[in-house]
Amino acid sequence: MATRKLTNYVRTYRKRLGFSQDEVAYLLDCKSGAKISRYEHYRREPTLRTALAYEAIFQTPVRELFAGVYQLVEQKTLKRIRRLSEKLNSSDPPHPRHLRRRRQVEAALLSRLIDLDRKSTRLNSSHLVSSY
């Protein structure tokens, strides 16, 4: 079972580097630390530019800084990939263009499922090692 991530880890990284909210606000070209607080508590969703600026400041990928958001987006996207694959498979008889797209979608889905399986296996094996 996958561990549920926090929505974001912006506060954790800010504190780790010893920055105040006002200092991060300055780096993000914001007027005050109040906006940073809203980002940290996810009462405000950062723009793409802000998320990328966080990545530059903390030298950490956006998907790690906003791990919980990424996890939800990933789950929803995988469901949609599966639905698209089913939709392409249900056309009767399949149009040649659909066959090509269906193969591409299925290859992408298979690749993602393999990645998730590997990730899950690593998490389970690291959990077993750390529990001793």
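Author: Gladly. In helix α3, Gly33, Ile36, Ser37, Tyr39 and Glu40 are buried. Please keep in mind that this is a predicted model.

Reader: What makes the buried residues of α3 line one face of the helix?

Author: Look down the axis of α3: the buried residues fall within an arc of 160 degrees, so they line one face. Those residues pack against α1, α2 (21-27) and α4 (48-58).

Reader: How do you know that Glu40 is buried?

Author: The relative accessible area of Glu40 is 8%. The limit for a buried residue is under 20%, so Glu40 qualifies with its 8%.

Reader: Which residues is Glu40 in contact with, leaving aside neighbours within four places in sequence?

Author: Glu40 is in contact with Asn8, Val10, Arg11, Arg14 and Gln21. With Gln21 there is also a polar contact between the two side chains, at 2.9 Å. That label needs a pair of N or O atoms within 3.5 Å, and 2.9 Å meets this distance limit.

Reader: Why is the pair of Glu40 and Arg14 called a salt bridge?

Author: The rule asks for a side-chain nitrogen of Lys or Arg within 4 Å of a carboxyl oxygen of Asp or Glu. Here Arg14 and Glu40 have their closest N and O atoms 2.4 Å apart, so the pair passes the test. Glu40 lies in helix α3 (residues 33-40) and Arg14 in helix α1 (residues 10-17), so the bridge ties together parts that are 26 residues apart in sequence. Both partners are buried, and the structure holds one salt bridge.

Reader: What caps the N-terminal end of α3?

Author: Ser32 does: one of its side-chain oxygens lies 3.2 Å from the backbone nitrogen of Ala34. Just after the helix comes Tyr42, with a positive phi of about 55 degrees.

Reader: Is Tyr42 buried, partly exposed or exposed, and how do you know?

Author: Tyr42 has 26% relative accessibility and counts as partly exposed. Buried would mean under 20% and exposed over 50%, so 26% falls in between. Tyr42 sits in the loop between α3 and α4.

Reader: What makes Asp29 count as exposed?

Author: Asp29 has a relative accessibility of 71%. The label requires a value over 50%, so Asp29 is exposed. Asp29 belongs to the loop between α2 and α3. Its phi is near 65 degrees, a positive value in a residue other than glycine.

Reader: What about Phe19: why is that residue called partly exposed?

Author: Phe19 has a relative accessible area of 28%. Phe19 is in the loop between α1 and α2. Not counting residues up to four places away in sequence, Phe19 touches Arg14, Val24, Leu27, Ile57 and Phe58.

Reader: Why is the aromatic pair of Tyr13 and Phe58 called tilted?

Author: A search of the whole structure finds four aromatic pairs. In the one formed by Tyr13 and Phe58, the rings are 6.1 Å apart centre to centre, with 35 degrees between the planes.

Reader: Which aromatic cluster do Tyr13 and Phe58 belong to?

Author: Tyr13, Tyr39, Tyr54, Phe58 and Phe66 form one aromatic cluster.

Reader: How do you know that Arg16 lies over the face of Tyr13?

Author: Arg16 is 4.8 Å from the ring centre of Tyr13 and lies over its face. The distance limit is 6 Å, so 4.8 Å is inside it.

Reader: And how many helices and strands are there in the protein chain?

Author: The protein chain has seven helices and zero strands. Of its 132 residues, 24% count as buried. Among contacts between residues at least 6 apart in sequence, 54% join residues at least 24 apart.

Key:
Residues numbered from 1 in each chain as written. Predicted model: local features only at pLDDT ≥ 70, side-chain atom pairs only at ≥ 80, totals over all residues. Heavy atoms only, no water. Helix = DSSP H or I, 4+ residues; strand = E, 2+ residues; numbered from the N terminus. Buried < 20%, exposed > 50% of the residue type's maximum accessible area, 1.4 Å probe, protein only. Arc of directions from axis to C-beta. Contact = heavy atoms within 4.5 Å. Polar contact = N/O pair within 3.5 Å; in protein donor to acceptor, adjacent residues only side chain to side chain. Phe/Tyr/Trp six-rings, centres within 6.5 Å; stacked < 30°, edge-to-face > 60°. Lys NZ or Arg CZ within 6 Å of the ring centre and 35° of its normal.
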